[in-house]
Every structure is written in structure tokens, then in C-alpha cells.
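Visitor: I am new to this structure and would like to understand the words used to describe it. Could you show it to me, and then let me ask how each description is reached?

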Amino acid sequence: MSGDDENALASRAAAGDVEALHKLLEVYGPIVRDELRIDRRWRALLERDDVMQVSYLEAFLGIREFAPGPAGSFLNWLRRLANNNLRDAVRELQRLKRAPREPPAPLPASDDSYFALLELCGATTTTPSREAARGEARAIIEDALRELPPDYQQVIRLYGLNGRSAAEIAGVMGRSVGAIHLLRLRAYDRLRTVLGSGSRFFSGAP
């Protein structure tokens, strides 16, 4: 693809043209995928396709923030997304290897689990009525989840609300364990963005 063609498609994609973004990903996705290097220690848990699937999703979510520039700017942008995802996935696998900790046994999502997820995302309350806030947390999280892509919703529900293990979720979603950890990281990042400052949500907040 010529630089002019890339810039034209990138400009259209940044303006919301989904077909243009698809064409760019079809051309440049395989290039970025082939460049990824996963240390052999993690290859049983993480594959290049895992990294690229999340990177494609992040590209769709963030394309309006992309600023088209010189030839190769889209390729470099996608490359940064993929490399950041690979780096963060490996860091998470390293962290879990040093201090392995699985969620508790699976439980039905409760007001407590919704409130714990809200706290984890930094959307907590300092109002006197924590019980009232705990009751509101379910509606707040459910509203926010509806703004997330389906894969992000699913991994948050299974991991964050039901306490399923990464291995179990991998089986349910047909992904590798490494992919689930990466999806979880990105899903929580996106949820925090959607939630913003939690203090404004609660009925007792000033």
C-alpha cells in the first residue's frame, strides 16, 4: 500500500469509517503480528494471535484518537498497540508466577462483588452510607458494562463478579490463559475510563 493510500484510509478510519479501518488492519495486522517476539517461557500461555486480537479491538476503540501523519504512521501506531499489549501481558504473567493467586471459588454476582469491583476501579465513595452505596454499585457497574465490547463484558463478569479462574474463563471463551489475563487488564482499564470519578454516582455524594 502506498503512503498516499494509507493516509487516505487512515483519515477515513479516524473519522469513523469502519471499512477503511478493516482494510488497514488487513494490510498491516499480519506485518505487526509477524514482528511480535514472545519469549519461549510464555509461549504455552500466550500466542501472537492473542495479542493481536486485543490490539485489533483496541484499534477500533481508539481509532478516533489516532492522528494521521507521514507514511507509516498507522503501521507504527498499530505496532505500538501490539507491543504495549505484549509487554503488559508478559508483566502480568510474571506477576502471577511470582505471587500466584486465583480468585475465590465461583459465586453468583452479589451487591458485595459489584461494590468490590467498583472499589478496584477506583470509583469509591466517602459518603456516610456505605450500605446505600453498596446497593447502588450493581446499577452503576451494569450501566458501565453496557458501554464495553462483548469480550470485555464477559471477562469482567466471569472474573471480576463471579470469581472464575483464568483457566476456566479460557475454556469458556476459547482463548489462552495469557489472552484472558490481557483481556482482563484492558477490560478493567476501559471500565475505569467509562466509570470516571465514582463519587458523582452515589445518591449521598456531595
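Visitor: How much of the protein chain counts as buried, and what makes a residue buried?

Guide: Of the 206 residues of the protein chain, 45% count as buried, where buried means under 20% relative accessible area, exposed means over 50%, and partly exposed covers what lies in between, with a 1.4 Å probe and protein chains only. This is a predicted model, in which local features need pLDDT of at least 70 and side-chain atom pairs count only at pLDDT 80 or more, while totals for chains, interfaces and linings use all residues. Residues are numbered from 1 along each chain as its sequence is written, and side-chain values use heavy atoms, with hydrogens and water left out.

Visitor: How many helices and strands are there, and what makes a stretch a helix?

Guide: The protein chain has nine helices and zero strands, and its pattern along the sequence reads α-α-α-α-α-α-α-α-α. Helices are DSSP runs of H or I with at least four residues, strands are runs of E with at least two, and both are numbered from the N terminus.

Visitor: Why is H181 called buried?

Guide: H181, which lies in helix α9, has 4% relative accessibility and therefore counts as buried. Setting aside residues up to four places away in sequence, H181 touches E92, L93, L96 and A166, where contact means heavy atoms within 4.5 Å.

Visitor: Is A179 buried or exposed, and how do you know?

Guide: The relative accessible area of A179 is 0%, so A179 is buried. A179 also belongs to helix α9, and apart from its neighbours within four places in sequence, A179 is in contact with L45, L46 and D50. Between A179 and A166 there are 9.2 Å in space, C-alpha to C-alpha, and the two are 13 residues apart in sequence.

Visitor: What makes α4 and α9 roughly perpendicular?

Guide: The axes of helix α4 (residues 73–98) and helix α9 (residues 177–195) come within 9 Å and cross at roughly 110 degrees. Axes here are lines fitted to C-alpha atoms, for helices over the stretch in contact, and angles run from 0 to 180 degrees between N-to-C directions. Angles under 35 degrees count as roughly parallel, over 145 as roughly antiparallel, 65 to 115 as roughly perpendicular and the rest as oblique, and α4 and α9 are therefore roughly perpendicular to each other. On the α4 side, the residues making the contact include N84, N85 and D88, and on the α9 side they include H181 and L182. The residues of this contact divide into five nonpolar, four polar and five charged, where Ala, Val, Leu, Ile, Met, Phe, Trp, Tyr, Cys and Pro count as nonpolar, Asp, Glu, Lys and Arg as charged, and the others, Gly among them, as polar.

Visitor: Why is α5 called roughly perpendicular to α7?

Guide: The axes of α5 and α7 are 10 Å apart, and the two helices pack at an angle of about 110 degrees, which makes α5 roughly perpendicular to α7. This contact is made by S113, Y114 and L117 of α5 together with I156, R157, G160 and L161 of α7, a group of four nonpolar, two polar and one charged. In α5 (residues 111–120), the buried residues are S113, Y114, F115, L117 and L118.

Visitor: How do you know that the span of α3 is close to the expected one?

Guide: Helix α3 (residues 48–62) has 15 residues and reaches 21 Å from its first C-alpha to its last, close to the 21 Å expected at 1.5 Å a residue, the expected span being 1.5 Å times one less than the number of residues. Among the buried residues of α3 are V51, V54 and L57, and what covers its buried residues includes α2 (18–35), α4, α7 (150–161) and α9.
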